[in-house]
Amino acid sequence: MIHLVSRHGLQPRRRPSRARAFSTRSATHEALRGYWDDDAATYDLWREHGAHSAIERAAWRGELSRYLPPCGARVLDVGAGTGFLSTAAARLGYEVTAVDISPGMLARLEASAVREGLTIDTVCASAECPPPGPYDVVIARLVLWTLPDPVAALQAWMRVLVPGGRLLVFEARWTGGSYGEALRRRARGVLHRLQNATREHHAAYPSELVSSLPLLADPSPNRIVETIEAAGWRNVRLAHLSDVGFARTAVLPRLGQSLGATPEYVVQADADPRLPD
Ligand SMILES: C[S@@+](CC[C@H](N)C(=O)[O-])C[C@H]1O[C@@H](n2cnc3c(N)ncnc32)[C@H](O)[C@@H]1O
């Protein structure tokens, strides 16, 4: 079931996001909002932020179909950004609410939804204060590393789920790994910049922000899993998104193919039936 849309308006790029707004008062949240508002215009140009070919889109469709509950379920996408997961889930027939701290990112998401005729509810809020739901599943991609209190956010997400609800955290190994992997990552970045004249982000995080983000120093898969467990999620299980890796590599020119793609993975977990208050 794909919903036809009109409520997002006809020219979303020319006006700010119409997302419902929740207040976020801390200086860290304001700094995050400013950074991501500035990043919104170029975020999608970085190849691995999106799915820029038919084969990558098909691989993501396969992964989402594999891990999401049955079609029609209510999905909360936290840190939804320009809507990579939200639009993919809405296309598959899920009822999607997208939360992000950045109105600039949400305006892009809304523009994509309008272009594709998808209905996605948008909420401008910090990850620690999700809308009440209830939802069947919370999804978050490339978000935990940038949260000031990832454990509090993960616990808040559990509270807006139905009993038996599910968490899907999609991540990529942008740092760490073997020397060989680090070298290939660096070479991939150089190649991408040469071919596309773009960077992964418009700027690095300012140092005062860096010191407020506990996962930034070590966003390894092990730390991500430990953090999800620390928040009280049950049956935490990890899977490598090998189909996505295959698809990302297959569309590269030959030189790029020998460098491979950033490893991407999903961590799946179940809400604790004895929810924390
Ligand atoms: C790396 S982007 C990921 C976007 C999207 N999930 C994707 O897969 O492309 C991180 C997103 O998290 C949002 N974000 C950062 N800090 C946040 C916070 N404290 N609460 C809610 N969203 C936040 C940013 O605005 C940005 O859109």
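## Legends to the close-up views

**Val 244, Ala 247 and Arg 248 are the buried residues of helix α9.** They span an arc of only 100° around the axis, so they lie on the same side of α9; the arc is taken over the directions from the helix axis to the C-beta atoms. The structure is a predicted model, in which local features need pLDDT of at least 70 and side-chain atom pairs count only at pLDDT 80 or more, whereas totals for chains, interfaces and linings use all residues. Residues are numbered from 1 along each chain as its sequence is written. A residue is called buried if 20 or more other C-beta atoms lie within 10 Å of its own, exposed if 12 or fewer do, and partly exposed in between, with C-beta atoms placed from the backbone. Helices (H or I, at least four residues) and strands (E, at least two) are DSSP runs numbered from the N terminus. The cover over the buried residues of α9 includes α2 and β8 (264–270).

**Helix α2 (residues 54–67) and helix α9 (residues 242–250) have axes that come within 8 Å and cross at roughly 175°.** This crossing makes α2 roughly antiparallel to α9. From α2, the contact involves Ile 55, Glu 56, Ala 58, Ala 59, Trp 60, Gly 62 and Glu 63, and from α9 it involves Asp 243, Val 244, Phe 246, Ala 247, Arg 248 and Ala 250. By class, eight of the contact residues are nonpolar, one is polar and four are charged. Axes are lines fitted to C-alpha atoms, for helices over the stretch in contact, and angles run from 0 to 180 degrees between N-to-C directions. Angles under 35 degrees count as roughly parallel, over 145 as roughly antiparallel, 65 to 115 as roughly perpendicular and the rest as oblique. Two residues are in contact if their C-beta atoms, placed from the backbone, lie within 7 Å. Ala, Val, Leu, Ile, Met, Phe, Trp, Tyr, Cys and Pro count as nonpolar, Asp, Glu, Lys and Arg as charged, and the others, Gly among them, as polar.

**Helix α5 (residues 150–159) has Pro 150, Ala 153, Leu 154, Trp 157 and Met 158 as buried residues.** These residues are on the same side of α5, because they cover an arc of only 145° around the axis. An α-helix has 3.6 residues a turn, so residues three or four places apart point the same way. The elements against which the buried residues of α5 pack are β2 (74–78), β5 (135–141), β6 (161–172) and α8 (221–230).

**Trp 36, Gly 79, Gly 81, Ala 127 and Arg 141 come nearest to the ligand, out of 20 residues around it.** Two or more residues of this shell come from each of α1 (27–43) and α3 (84–91). Helix α1 contributes the most, with three residues. Eleven residues of the shell are nonpolar, seven are polar and two are charged. A residue is near a molecule or strand if its C-beta atom, placed from the backbone, lies within 6 Å of it.

**Arg 141 lies in strand β5.** This residue counts as buried because it has 22 C-beta neighbours inside 10 Å. Leaving aside residues up to four places away in sequence, Arg 141 touches Phe 84, Leu 85 and Phe 170. Although Leu 85 and Arg 141 are 56 residues apart along the chain, their C-alpha atoms are separated by 7.5 Å.

**The axes of α1 and helix α4 (residues 103–116) come within 7 Å and cross at roughly 35°.** On the α1 side, Trp 36, Asp 37 and Ala 40 meet Pro 103, Gly 104, Met 105 and Arg 108 of α4. The contact holds four nonpolar, one polar and two charged residues.

**Backbone details are shown at Pro 134, Leu 142 and Asn 235.** Most residues other than glycine have a negative phi, and most peptide bonds are trans. Gly 133 and Pro 134 are joined by a cis peptide bond with omega of about 5°, and Pro 134 is located in the loop between β4 (120–124) and β5. Leu 142, which is not a glycine, has a positive phi of about 60°. Leu 142 belongs to the loop between β5 and α5 and counts as partly exposed because it has 19 C-beta neighbours inside 10 Å. Asn 235, also not a glycine, has a positive phi of about 50°. Asn 235 sits in strand β7 (residues 234–240) and is exposed, with 10 other C-beta atoms within 10 Å.
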